[in-house]
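Dear colleague,

Please find below the structure I am handing over to you, with its sequence. My notes on it follow directly after.

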Amino acid sequence: MDVILGVAAEEAVQAGYTQITTAHLLIALSRFSEGQVSNHSVLFDELRGEFAALGINPRSFRRRLRGILGRREVRPGGDWIGRSARCKEVFVAAERAASEARETLTPVWLLRSVFMSLADVAPGAAVEGSEADDIPAEL
């Protein structure tokens, strides 16, 4: 999971965010699904299959999400960037779901957890403790 968080952090920093949001996590997962990162072929196949099952083209999805998030003018300082409260919740939910299924936590569980969290948020609703656009309403 560290590799995925690293990619999500790169996305967040490049866009001028001070935290890794759930949207940045989705971008990282979409990159992995296309094999753009590292050589984790099993992860690629599982994620690719999950995106396909959802009817989502990862590249188009990623481009749209980056467009919605936009770029902020101020770059975060320092060498470390943390996860938003909402992003942390997604990880906890993914760990719980994987544990209940008696499986290890994989990127597929993260992806499922993100989409399950979207179902729990009313359109345009702010999530306390996170950046206002952690999960953009347009998504």
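Helix 6 (residues 107-119) has 13 residues, which at 1.5 Å a residue should span 18 Å, and its end C-alpha atoms are 19 Å apart, in agreement with that figure. The expected span is 1.5 Å times one less than the number of residues. Helices here are DSSP runs of H or I with at least four residues, numbered from the N terminus. The buried residues of helix 6 are Pro-107, Val-108, Trp-109, Leu-110, Leu-111, Ser-113, Val-114 and Ser-117. Buried means under 20% relative accessible area, exposed means over 50%, and partly exposed lies in between, with a 1.4 Å probe and protein chains only.

The model is a predicted one, in which local features need pLDDT of at least 70 and side-chain atom pairs count only at pLDDT 80 or more, whereas totals for chains, interfaces and linings use all residues. Residues are numbered from 1 along each chain as its sequence is written, and side-chain values use heavy atoms, with hydrogens and water left out.

Helix 2 (residues 22-33) is treated next. Its 12 residues should span 16 Å at 1.5 Å a residue, and the end C-alpha atoms are 16 Å apart, which agrees. Not counting residues up to four places away in sequence, His-24 touches Ala-8, Glu-11, Ala-12, Ala-15, Tyr-17, Gln-19 and Leu-69; contact means heavy atoms within 4.5 Å. After helix 2 comes Gly-35, with a positive phi near 75°.

The axes of helix 1 (residues 2-14) and helix 2 come within 8 Å and cross at roughly 120°. Axes are lines fitted to C-alpha atoms, for helices over the stretch in contact, and angles run from 0 to 180 degrees between N-to-C directions. Helix 1 and helix 2 are therefore oblique to each other; angles under 35 degrees count as roughly parallel, over 145 as roughly antiparallel, 65 to 115 as roughly perpendicular and the rest as oblique. Val-3, Ile-4, Val-7, Ala-8, Glu-10, Glu-11 and Ala-12 of helix 1 meet His-24, Leu-25, Ile-27, Ala-28, Leu-29, Arg-31 and Phe-32 of helix 2. The residues of this contact divide into 10 nonpolar, 1 polar and 3 charged. Here Ala, Val, Leu, Ile, Met, Phe, Trp, Tyr, Cys and Pro count as nonpolar, Asp, Glu, Lys and Arg as charged, and the others, Gly among them, as polar.

The axes of helix 2 and helix 4 come within 9 Å and cross at roughly 155°, and the two helices are therefore roughly antiparallel to each other. Helix 2 contributes Ala-23, His-24, Leu-26, Ile-27, Ser-30, Arg-31 and Ser-33 to the contact, and helix 4 contributes Pro-58, Phe-61, Arg-62, Leu-65, Arg-66 and Leu-69. By class, this contact has 7 nonpolar, 3 polar and 3 charged residues.

Ile-68 lies in helix 4 (residues 58-69) and counts as partly exposed, at 24% relative accessibility. Ile-68 and Ala-23 are 45 residues apart in sequence, and their C-alpha atoms are 9.7 Å apart in space.

Lastly, Arg-102 is in the loop between helix 5 (85-100) and helix 6. Arg-102 has a positive phi, near 60°, although it is a residue other than glycine. At 79% relative accessibility, Arg-102 counts as exposed.

With kind regards
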